Every structure is written in C-alpha cells, then in structure tokens.
Amino acid sequence: MTTSPPKPQTAAPSAPHAAKAPRAARKSRPDEGGKAGRRGIQSIETGFAILEVMRRAGGPIALSRIAEGAQLTVANTHYYLVSFQNIGLVQQDGDTGHYGLGAYALKLGVAALEQFDVYKLARPAMAAISEQTGLTVFLGVWGNKGPTIVYRAEGGKSLPLLELRLGSVLPLLSSALGLNFFAHLPVEMTAGMLEDELRVPMSASGLARGDACRTREQAMQLREDIRAHGFSRCQDTLLPNFTSLSAPIFDLSGGIIAALTVMGPSRLLEGTAEADVLGLLQRNASEISQTAGMYA
C-alpha cells in the first residue's frame with residue numbers, strides 16, 4: 001500500500017520536455033530520401049556530430065575546437081564528452097587535456113568492417129542505376145585471374161550482353177572494369193597481366209581495338225588520368241559500338257575492393273547523357289565506399 005502508483009505521475013511534468021527531442025530531430029533532417037517521417041533522438045545525433053569533429057581532426061583536439069566544430073557551447077560539449085569517456089568512446093590526454101577517440105570507438109569500427117558486405121550493399125545501388133538509365137550494370141572484383149564480374153543488373157534499353165556473364169574475367173586494358181583495377185591496385189599486382197596484353201595484338205585476341213592502349217607509356221599515362229578523374233572509360237574495345245564507364249569502390253585504407261561498371265550502346269552514352277550516367281555511377285560508388293569506412 002505504498003504510493004508506487006502515483007510515482008509514474010510525478011514524472012509527468014518532464015514528459016513534454018522529453019517529447020521535444022523527436023520534434024527537433026525531425027526538423028534537423030527535413031529530407032533524407034523519404035526518411036523525414038522517422039522519429040529520432042536529437043541528443044544522439046548531436047553526440048555523433050561531436051564524434052565526427054573528432055574523427056576529422058585526425059588526433060586529440062582541444063575542447064574549444066570540438067565545441068566550435070560541432071556548433072555547441074563549450075559547457076554542453078563537455079557534458080557529452082564526459083559521458084563518452086564513461087563508456088570508452090572518448091579518452092582525454094592527461095598532459096594536454098585534449099580529447100581523442102577511445103578504445104570502444106575502435107571496437108565499433110572493427111565490428112562494422114567485419115559486417116561489411118560489398119555485394120549486399122552494391123545490389124540495390126546497381127538496381128537503381130539500371131532502372132534509372134536502362135543500361136546494364138556490373139559489379140567486379142579482382143579475382144585470382146584478374147578483373148572478374150560477380151554480379152550484374154540488366155537494363156531495359158539494350159539487349160542482354162551474353163558475352164559478359166557472371167564469372168567472366170575481363171581484360172586489363174580493354175575494359176573499363178580492368179582499367180579501374182589497373183589504376184588503383186599496386187603496379188606489381190597488374191604488371192604481369194599488363195605485359196601479356198601489350199604483347200598480344202588486339203586483333204589476335206578477337207577484341208575490338210577501339211581506344212585501348214597500345215604501349216606501356218600510354219597505359220601508365222592513362223593510369224594517372226583515371227586516378228585523377230575517379231573513373232575509367234572504354235569505347236569499342238570489348239564490344240564494337242559499346243561504351244563502358246566504371247567507378248571504384250574503396251575500403252577503409254583507401255584500397256580498391258570492387259568497381260561499379262555501366263555498359264551500353266554508344267549512342268546512349270554520349271554528351272550530357274553520358275555525364276548524367278557517370279555522375280550517378282560515381283555517387284553510388286562513393287556512398288558504398290563511405291559505408292566501407294573510406295572517408296574523404
């Protein structure tokens with residue numbers, strides 16, 4: 001016969017204050033691809049804004065700089081940091097007083113990497129690209145024999161590319177997928193394949209000549225161009241009258257782990273149409289890379 005039933009009512013005055021968090025969270029994210037209606041907790045998002053400032057700093061950072069970067073008062077920032085220290089997300093340097101990411105932040109990162117599946121993440125992106133462009137999209141990885149197709153999404157604007165099946169190993173110099181790996185893998189990993197392809201004339205291999213490199217000097221110059229521009233392009237190489245564009249997917253260390261490639265009739269990949277497809281391809285590859293832990 002204690003007064004336990006009335007106790008929940010004593011918390012009632014604070015309920016309106018607690019209800020403000022979801023409303024603020026919705027205002028802070030007015031439109032995120034249809035997620036505007038989702039309820040969130042603003043304080044959690046604020047806390048991660050602080051952690052993002054610390055991540056970008058690349059090392060321990062002063063409290064005032066964290067507050068400035070997160071656009072918070074120093075006092076409020078300190079409250080968050082104390083809680084983060086209590087759970088190991090943040091640690092404070094005893095000499096400088098600066099704050100850096102703690103051991104639990106590392107554990108979270110490792111766990112996320114262990115759960116990362118490039119195939120799973122790429123599939124919906126590929127379906128979206130294929131649906132929007134009507135072109136065929138490939139996911140390729142570097143296999144034991146070279147650039148290998150591991151998944152594909154058919155487009156509606158061109159006939160199925162029967163020559164390029166799952167498991168197909170593509171050339172290094174005459175495919176956009178191959179050029180992407182040539183540009184971003186260590187030189188020693190692709191040296192043997194490069195020399196083999198330069199030694200064999202394209203006509204003898206049965207492939208169209210197109211804009212494929214003919215000398216090692218041309219190949220190395222193209223390698224630098226691809227790295228500088230962030231994509232590779234081939235026309236009339238694998239198949240006559242076909243153009244392919246490829247964008248790399250990177251991991252936490254900045255190393256290439258896969259590539260998204262769009263291929264279609266050259267008449268559908270010209271001028272602004274090609275630029276639009278390339279932009280869509282690069283955005284999706286970049287988003288997958290960020291999920292893998294690779295940040296600019």
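Student: Where in the chain is Gln71 found?

Tutor: In this predicted model, Gln71 sits in the loop between helix 4 and helix 5 (74-87). Although Gln71 is not a glycine, its phi is positive, at about 60°. Gln71 is also exposed, with a relative accessible area of 74%.

Student: And where is the place of Asp236, and how accessible is Asp236?

Tutor: Asp236, which is not a glycine, has a positive phi of about 60°, and its place is in the loop between strand 5 (232-235) and strand 6 (242-250). With a relative accessibility of 27%, Asp236 counts as partly exposed.

Student: How should I read the confidence, and where is it lowest and highest in the protein?

Tutor: As a general idea, where pLDDT is low, the predicted coordinates should not be read in detail. Here the protein has an average pLDDT of 81, and 78% of the residues score at least 70. Confidence is lowest in helix 2 (residues 15-28), with a mean of 37, and highest in helix 4 (residues 63-70), at 96. Over residues 1-35 pLDDT stays under 50, and the model has 18 contacts beyond four places in sequence for them; over residues 203-209 pLDDT likewise stays under 50, with 13 such contacts.

Student: At what angle do helix 8 and helix 11 pack, and how far apart are their axes?

Tutor: Two packed helices are described by the angle between their axes and by the distance between those axes. In this case helix 8 (residues 176-184) and helix 11 (residues 216-229) pack at an angle of about 90°, and their axes are 9 Å apart. Helix 8 is therefore roughly perpendicular to helix 11.

Student: Which residues of helix 8 and helix 11 meet?

Tutor: From helix 8, Leu179, Asn180, Phe182, Ala183 and His184 meet Ala219, Met220, Leu222, Arg223, Ile226 and Arg227 in helix 11. The residues of this contact divide into seven nonpolar, two polar and two charged.

Student: How many aromatic pairs does a search of the whole structure find?

Tutor: A pair of aromatic rings is described by the distance of the centres and the angle of the planes. The search of the whole structure finds one aromatic pair, formed by Trp142 and Phe181, which is tilted, with 5.8 Å centre to centre and 50° between the planes. The pair links distant parts of the chain, with Trp142 in strand 3 (residues 136-143) and Phe181 in helix 8, 39 residues apart.

Student: Is Phe181 buried or exposed?

Tutor: Phe181 is buried, with a relative accessible area of 0%, whereas Trp142 is partly exposed, at 24%.

Conventions:
Residues numbered from 1 in each chain as written. Predicted model: local features only at pLDDT ≥ 70, side-chain atom pairs only at ≥ 80, totals over all residues. Heavy atoms only, no water. Axes fitted to C-alpha atoms, helices over the stretch in contact; angles between N-to-C directions. Helix = DSSP H or I, 4+ residues; strand = E, 2+ residues; numbered from the N terminus. Parallel < 35°, antiparallel > 145°, perpendicular 65-115°, else oblique. Contact = heavy atoms within 4.5 Å. Nonpolar A, V, L, I, M, F, W, Y, C, P; charged D, E, K, R; others polar. pLDDT = per-residue confidence, 0-100. Phe/Tyr/Trp six-rings, centres within 6.5 Å; stacked < 30°, edge-to-face > 60°. Buried < 20%, exposed > 50% of the residue type's maximum accessible area, 1.4 Å probe, protein only.
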